[in-house]
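Here is a friendly briefing to read alongside the model. Please keep the viewer open as you go through the points below.

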Amino acid sequence: MKINRRYVAIVIAAIAALLIIITRQPKEYRTASGVVWHTTYNITYESDKNLDDSIIVVTNKIDYSASMYNPASVLSQINSNSTDIADSTVALLLRTSKRIHQATGGAFDPTVAPLIRLWRTQDSNAPLPDNSQIDSVMQFVGLDKVRIDSNNRIHKDDNRIQIDFSAIAKGHGCDEVARMLARNGVENYLVEIGGEIVAHGRNPHGKPWIVSVDAPIEENVEVTHASSKIYELHNQAMATSGNYRNYKVVDGQKVTHIIDPKTGHSAQSNLLSVTVIAPTCIEADAYATALMAMGLENARKFALSGTALLPRGSEPKIKIFLIFVDENGNMNSWETPEPANLAR
């Protein structure tokens with residue numbers, strides 16, 4: 001009896017397809033949460049499979065590459081001068097940092113780590129750093145003293161230079177988790193890591209993802225949440241930076257975690273928080289930090305200048321929302337007009 005091989009192949013393919021259909025789970029909204037980089041993450045996504053392990057793989061990869069606190073990371077080895085070769089993640093973060101450093105006139109600078117350590121004393125009664133201490137550290141602060149060549153080799157003008165991607169890594173992490181979800185066919189998701197957000201598609205109710213901007217409530221002991229602004233995100237990212245929670249008072253002066261890299265001093269401003277909406281979270285995260293360091297008036301001028309462009313320098317402006325204390329001591333807010341062609 002002669003067997004038609006083509007017929008057999010068709011039958012086998014049909015059976016395999018039927019098995020896939022039978023075993024495939026229906027799509028449902030799933031949630032993943034946990035702790036990464038000393039903060040929490042909460043991710044909601046619609047999928048026919050559980051991708052929680054893949055989320056951890058993504059965050060672990062970034063930690064191994066770009067964590068300043070993981071002694072085995074590529075970045076730690078660069079900071080200790082054990083190597084001068086960046087992997088793809090560190091190279092991306094550094095090149096993005098260089099571009100935003102230039103766009104913000106130096107307000108975004110991941111080499112401020114030594115200044116942060118100088119200001120972040122554990123004893124609230126300890127005196128603030130004096131000018132001589134600040135000047136001594138400023139000698140090896142400045143992203144213009146770091147270069148990366150076409151072979152991803154890092155060149156530092158001073159071996160004491162330390163690079164800290166804390167102000168951009170969470171945003172990059174959100175983007176990378178979002179890309180992983182997209183590669184796995186996920187169209188509807190909300191990725192949140194430490195308050196930085198990427199939203200795509202629709203929420204479980206079939207509507208755009210709705211996110212809230214916290215109102216700045218000065219409470220250094222207990223975190224209190226109250227909404228200041230509600231946004232619908234349409235395939236966009238959002239990041240917020242503020243100085244109203246992470247601070248301490250020394251000699252009557254509020255010392256925040258925001259350091260002005262151009263002066264070396266803790267940023268003193270009536271600007272309480274900055275929220276940035278952009279198509280990528282790496283951008284939103286970096287610009288939010290930079291604008292906090294600028295202060296209210298410079299941040300507002302920057303927002304209106306059109307300087308803040310997306311990668312490749314040809315896309316529309318990002319959206320910026322500022323909360324500040326006005327001249328009468330009242331909390332107030334300001335935002336850029338909605339760009340008509342912002343990514344949707």
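**The sheet and what surrounds it**

Strands S9 and S12 pair in the antiparallel sense over 6 bridges, where two strands pair if DSSP finds at least two bridges between them. Helices (H or I, at least four residues) and strands (E, at least two) are DSSP runs, numbered from the N terminus. This is a predicted model, in which local features need pLDDT of at least 70 and side-chain atom pairs count only at pLDDT 80 or more, while totals for chains, interfaces and linings use all residues. Residues are numbered from 1 along each chain as its sequence is written, and side-chain values use heavy atoms, leaving out hydrogens and water.

**The chain as a whole**

- The protein chain has 9 helices and 14 strands.
- Of its 344 residues, 48% count as buried; buried means under 20% relative accessible area, exposed over 50%, and partly exposed in between (1.4 Å probe, protein chains only).
- The protein chain exposes about 17400 Å², and carbon and sulfur atoms supply 52% of that area. Accessible areas come from the Shrake-Rupley method with a 1.4 Å probe, and for residues only the protein chains shown count as cover.
- Take the contacts (heavy atoms within 4.5 Å) between residues at least 6 apart in sequence: 60% of them join residues at least 24 apart.

**Strand order and pairing**

- An open sheet of 8 strands runs in the order S1-S2-S5-S6-S9-S12-S13-S14, with antiparallel pairing. Its edge strands are S1 (28-36) and S14 (331-335), each of which pairs on one side only. From one strand to the next, the twist averages 15 degrees.
- Strands of a sheet pair through backbone hydrogen bonds, either parallel or antiparallel.
- Strand S9 (residues 236-242) is largely enclosed by the rest of the structure, because 5 of its 7 residues are buried.
- On one side, S9 pairs with S6 in the antiparallel sense over 3 bridges, and Val198 stands opposite Ala237 in S9.

- Helix H2 (residues 52-66) lies across S1 and strand S2 (39-47), running at about 135 degrees to S2. Helix H7 (residues 166-183) packs on the sheet and touches S2, strand S5 (189-193) and strand S6 (196-200); its direction makes about 155 degrees with that of S5.
- For these angles, axes are lines fitted to C-alpha atoms, for helices over the stretch in contact, and values run from 0 to 180 degrees between N-to-C directions.
- What does Val177 touch, not counting residues up to four places away in sequence? Val177, found in helix H7, touches Ile43, Ile55, Val58, Thr59 and Val191.
- Val177 is buried, with a relative accessible area of 0%. From Val177 to Val198 is 21 residues in sequence and 9.1 Å in space, C-alpha to C-alpha.

**Aromatic pairs**

- Rings of Phe, Tyr and Trp (its six-membered ring) pair if their centres lie within 6.5 Å; planes under 30 degrees apart count as stacked, over 60 as edge-to-face and the rest as tilted.
- By this rule the count comes to 3 aromatic pairs. The rings of Tyr29 and Trp209 have their planes at 70 degrees and their centres 6.5 Å apart, so this pair is edge-to-face. It links distant parts of the chain, with Tyr29 in strand S1 and Trp209 in strand S7 (residues 209-214), 180 residues apart.
- Tyr29 is partly exposed at a relative accessible area of 25%, whereas Trp209 is buried at 6%.
- Tyr231 and Phe321 also form an edge-to-face pair, 6.2 Å centre to centre with 80 degrees between the planes. Tyr231 lies in strand S8 (residues 227-233) and Phe321 in strand S13, so the pair ties together parts that are 90 residues apart in sequence.
- Tyr231 counts as buried at 8% relative accessibility, and Phe321 is buried at 3%.

**Cysteines**

- A disulfide is a pair of cysteine sulfur atoms within 2.5 Å. By this rule the count comes to 0 disulfides. Cys174 is in no disulfide, and the nearest cysteine sulfur, that of Cys281, is 4.2 Å away.
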